[in-house]
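Good morning, everyone, and thank you for coming. Please have a look at the model on the screen before I walk you through a few of its details.

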Amino acid sequence: MKYLESIQEAIYLSAGNASQYRRIMRIFFIEYEKMHFQLYKEDVLELLREYPEFSDYSMDQLKTDLEALVGWKNLTSIQDPKRVYTIAEYKNKQYRYTMSEYAVEIERMTVKLENLFMDSGNLSMNYFVRIENALNEMEQIDRQELKAVNEWWSNLQEDFKRLNRNYQDYLREFYSGKSDKVLKSIEFVVHKDRFISYLQEFVQQLQNKSIRIENIIKKLSQQMVDRVLERVIESELAIPHPDSEIQDLRENAIKENIYGKWQSLSDWFISTDRHPSESQKVLDITDEVIRKIIQNAALIVQIQNWGISRKEDYKKFIQMFMQCENVEAAHKLSAHVFGIQHVRHFKVNCPRSTDSINSGVFDELPSEYELKPHTRTYKPRIHKSGFESKALEKLAQRNQYLEKLEEDRNLVMKYIQDNKLDISRIDDCISVDTRETLLRWIAQANLTVSKSGRTEYGQAFRLIKQEGSYTLKCEDGELMMPRYIFQFED
């Protein structure tokens, strides 16, 4: 997890005085490219004052900024005893400053980001030729010296990296917001044939080269591939590095890196059951770009044709209208002039006078459609009207409901004798409401530990279960249930 921690060396890119820190680091990087690896603070100050915004920049400010960059590990300070002539100078600690490895790579990245839009991708086929030649040499490369093996592997990976980067940079331009405006501009029609020809040539070459490279990789045996990759690992480990304490970790990282790069190269050209190859994806994307270019060009041409003056055409149509013998001929000419080119369909939710599909507009009755304004403050007019009192209906429904409750109560109460209701003694065919009432009392009592409950009429009871079962006759069928006795309190 230590590799996923925050990168301290990148703090100067977004610090408060980022402009000063970045200018200092850019000076160090420019001198680094000139092989001037170590600089004194006096040299840095002299180079800084060449820029107008640093004309008033003092040595004290520079010391403070250099100390901050040293604290962030962008610069490494080296004390220089050769330039010390007095004790005071020794106490002042004359330093030389050099860039750290992290800082060099960060500055390279910033330079690349600044020139990102100046670099244009291309669809060169030379990389495919070089990759094919390198793979053909693979069978003899394991017998070469380690230096030749390392050079072969470096060239192969560099060609593969450039192939990926170039086609991604080139095709990415067709999916940016700026490219959409360009593709839809009238000026683009002039260049569309060049783009289509360029992309189609790339597609044809890619189809041929990718199939050949795919066949070469498939013919390589796994033993031979492992043997060559092990030689590549040996060539990488043969390069001496000053930090020998992490040799074991370095060996594992190099092995994982080399096998991963080979797998990426194989996946780029060979499809699997889980996913298609990258070359096939490039073909699909290129076909989509060609289709997009042709579609936009056709739309632009159509828009251009709409703007052409049709004055003479309209004069000719007017003469043809005047020569029409009847209304039917005029309708046909009108449909030709104004119908199919600018057709519009209007639909309203109104019933038709006929269901015939052959009836024309002149055969239908006119339809009315109310339009409402699309404003937030619009409110439809409310038509005020009276309301009818339904108190008598509600009273009648209430009385009907109370009568129904009293009827159900009487039906149940007639089976109670001596404060007991024995279900096994009910010989009548009871109603559905009476059965539901009895089952509701049973369920209520079974939910309590004491097997007791209270009816909706206010009577308390205790439920007693006897052995055996009893078939209760109901209007909608017969119900077999245990023999229960309801013992009511006085």
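This is a predicted model: local features need pLDDT of at least 70, side-chain atom pairs count only at pLDDT 80 or more; totals for chains, interfaces and linings use all residues.

Let me begin with E214, which, once its neighbours within four places in sequence are set aside, is in contact with F269 and I270, where contact means heavy atoms within 4.5 Å. Residues are numbered from 1 along each chain as its sequence is written, and side-chain values use heavy atoms, with hydrogens and water left out.

E214 itself has its place in helix 10, residues 188–219; helices (H or I, at least four residues) and strands (E, at least two) are DSSP runs, numbered from the N terminus.

Turning to the sheet, we find an open arrangement of 4 strands in the order 4-7-6-5, with antiparallel pairing, and two strands pair if DSSP finds at least two bridges between them. Its edge strands, each pairing on one side only, are strand 4 (420–422) and strand 5 (452–454). Strand 6 (residues 460–474) is joined to strand 7 (residues 477–488) by 12 bridges, and the bridge partner of C474 in strand 7 is G477.

Finally, which residues do ring pairs link into a cluster? They are W441, F461, F486 and F488, given that rings of Phe, Tyr and Trp (its six-membered ring) pair if their centres lie within 6.5 Å, with planes under 30 degrees apart counted as stacked, over 60 as edge-to-face and the rest as tilted.
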